[in-house]
Amino acid sequence: MAVQGEEAKRYITAEELRKRNTASDLWICIQGKVYDVTSWVEDHPGGDLPLLSLAGQDATNAFVAYHPASAWAHLGRFFVGHLADYRVSAASSDYRRLVAEFSKSGLFDQKGLVAPLTICSILVLLVAAVSGVLLSESALVHALCGGMMGFLWIQTGWMGHDSGHYRIVGHPRLNRLAQIVAGNCLAGVSIAWWKRNHNAHHIACNSLDFDPDLQHMPFFAVSSKLFASMKSYFYERKMNFDAVARFLVSYQHWTFYPVMCFARINLFAQSILLLLSAKKVPNRWQEILGVAVFWIWYPLLVSCLPNWGERVMFVVASFAVTGIQHVQFCLNHFSSSVYVGPPQGNDWFEKQTMGTLDISCSPWMDWFHGGLQFQVAHHLFPRLPRCHLRKVSPFVRELCKKHKLPYNIATFWEANAMTIRTLRAAALRARDFENPVPKNLVWEAVNTHG
């Protein structure tokens with residue numbers, strides 16, 4: 001039971017807080033105050049997963065990272081008491097102070113010209129691709145148009161990513177419209193699915209059983225710990241490491257890039273599965289209508305090509321070019337530190353820095369990476385418009401240095417090499433795990449020299 005302190009205050013022990021960790025009885029602590037958010041789980045704009053992942057814990061760091069100052073006013077109705085012996089680590093204290101400083105300086109509200117420029121690039125690519133298909137008879141032009149469609153999807157991906165973290169335009173309805181048009185209508189990816197997936201990833205960064213961005217069985221396993229067939233708390237199913245998974249994982253360092261060329265298919269499938277599921281999906285019919293628009297215009301455009309050879313070429317070019325972005329998504333986390341279990345509020349800041357990798361590049365290449373090149377800063381300040389990430393990155397580096405935390409950074413090519421090394425290490429472990437995959441002459445020839 002709770003410990004009664006001063007007459008005007010109710011004190012709650014850390015042990016009691018830890019017990020309130022289910023959807024039907026969910027408490028969290030923010031800045032030493034305990035809140036019963038059980039009734040808020042279903043209506044939480046960020047979805048139920050962030051609350052469930054941090055249930056029964058101090059969620060202050062995640063709260064200040066994701067919520068503007070106006071959100072504090074809504075906490076009062078959930079207040080139940082004060083956490084006894086509440087303590088804050090030096091790293092978390094400095095982090096929260098940095099968030100407050102950025103907020104006071106107005107960085108979270110200064111969005112720059114990224115959104116207008118991205119919208120213009122999307123329109124130019126769309127008009128050029130459609131015009132090339134309809135007005136040209138050249139197979140080469142049609143192939144180039146497929147590539148432009150891929151670049152269009154990359155830009156809609158950056159736009160959907162940004163609009164999911166903060167308002168890229170002033171009014172919430174316009175922001176919602178931008179999400180639906182860019183994600184659902186033009187790219188065929190449900191923004192509701194993306195937000196659910198991405199919020200879970202940010203909260204539980206690089207947790208093998210809680211972070212969906214590391215759960216790619218049977219195709220990929222970034223750690224041999226996944227060979228234990230652990231449960232995915234995001235997908236609510238067991239990630240079986242069976243004979244098929246062992247075979248595919250054994251060659252994952254060879255199949256990584258080919259699979260990434262067609263990773264878009266998984267996004268399409270996951271979007272449709274969520275929209276047709278029994279899970280609560282905000283504005284479900286908007287989402288379904290938006291995805292339906294994509295599956296009308298894109299196949300119709302492909303059908304305008306003169307023969308099946310050019311149609312296949314157009315689709316493959318679209319998917320392959322977009323594969324660049326899917327590779328980028330993987331580089332930031334595949335080779336970084338991983339762990340098993342739910343995220344912990346008291347080391348949330350530390351886990352974010354340990355599980356991410358920055359990509360070093362010149363400012364003129366920022367358009368190519370879409371903000372992912374400053375992944376550490378983005379994970380610590382997800383509401384920060386990407387035009388400011390390069391500016392705040394030195395502060396993050398200094399904070400990591402002060403608290404002896406890793407600040408991982410590599411060039412784009414080095415990050416690719418690190419990712420392949422990670423996949424290869426797990427692949428070799430998979431071959432020797434209990435019952436190794438039978439080795440044939442091809443295997444021996446390819447792996448004789450490692």
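**Questions about a predicted model**

Colleague: What span does helix H8 reach from its first C-alpha to its last?
Modeller: This is a predicted model, and the value is computed from it. H8 runs over residues 191-203, which gives 13 residues. At 1.5 Å a residue, 18 Å is expected. The span is close to that, at 18 Å.

Colleague: Is H8 mostly covered or mostly open, and how many of its residues are buried?
Modeller: Buried means under 20% relative accessible area. Among the residues of H8 that pass this test are Trp193, Trp194, Arg196 and His198. H8 is mostly covered, and the buried count out of 13 is 12.

Colleague: Which residue caps the N-terminal end of H8?
Modeller: Look for a side-chain oxygen by the backbone nitrogen of Ala192. Such an oxygen lies 3.2 Å from that nitrogen. The capping residue is Ser190.

Colleague: Is Ser229 buried or exposed, and what is its relative accessible area?
Modeller: Ser229 lies in the loop between H8 and S7. Its phi is near 55°, a positive value in a residue other than glycine. The cut-off for buried is under 20%. Ser229 is buried, because its relative accessible area is 17%.

Colleague: Is Lys404 buried or exposed, and what is its relative accessible area?
Modeller: Lys404 is found in the loop between H17 and strand S10 (409-411). Its phi is near 55°, a positive value for a residue other than glycine. Exposed means over 50%. Lys404 is exposed, because its relative accessible area is 75%.

Colleague: In which helix does Arg311 lie?
Modeller: Find residue 311 in the range 308-331. That range is helix H13.

Colleague: How far from Arg311 is the nearest side chain of opposite charge?
Modeller: Arg311 is buried yet has no salt bridge. A salt bridge needs a nitrogen and an oxygen within 4 Å. The nearest opposite charge is on Glu310, at a distance of 8.2 Å.

Colleague: In the largest nonpolar core, which residues touch the most other members?
Modeller: This core has 41 residues. Elements that give two or more residues to it include strand S4 (25-30), helix H4 (90-104) and helix H17 (389-402). The residues with the most contacts to other members are Tyr95, Phe381 and Val396.

Colleague: How many residues are in the other core, which lies apart from it?
Modeller: Among its members are Ala178, Leu274, Phe294 and Trp297. The number of residues in this core is 37.

Colleague: How far apart are the closest N and O atoms in the salt bridge of Lys19 with Glu15?
Modeller: Both residues lie in helix H1 (residues 14-19), four residues apart, about one turn of the helix. Residues three or four places apart in an α-helix point the same way. Lys19 counts as exposed at 58%, and Glu15 is partly exposed at 49%. Their closest N and O atoms are apart by 3.9 Å.

Colleague: Is Asp94 buried or exposed, and at what relative accessibility?
Modeller: Asp94 meets Arg97 in a salt bridge (2.1 Å, N to O). They are separated by about one helical turn, because they are three residues apart in helix H4. Arg97 counts as partly exposed at 43%. Asp94 counts as buried, at 10%.

Colleague: Which residues do salt bridges that share partners join into one network?
Modeller: The structure holds 14 salt bridges. One of them is between Arg20 and Asp25, at 3.1 Å, N to O. Arg20 is partly exposed at 23%, and Asp25 is partly exposed at 24%. The network is made of Arg10, Glu16, Arg20 and Asp25.

Note on methods: Residues are numbered from 1 along each chain as its sequence is written. This is a predicted model: local features need pLDDT of at least 70, side-chain atom pairs count only at pLDDT 80 or more; totals for chains, interfaces and linings use all residues. Side-chain values use heavy atoms; hydrogens and water are left out. Buried means under 20% relative accessible area, exposed over 50%, partly exposed in between (1.4 Å probe, protein chains only). Lys and Arg count as positive and Asp and Glu as negative; His and the chain ends are not counted. The expected span of a helix is 1.5 Å times one less than its number of residues. A polar contact is a pair of N or O atoms within 3.5 Å; within protein, one must be able to donate a hydrogen and the other to accept it, and residues adjacent in sequence count only if both atoms are side-chain atoms. A nonpolar core is a set of buried Ala, Val, Leu, Ile, Met, Phe, Trp, Tyr and Cys residues joined through side-chain atoms within 4.5 Å.
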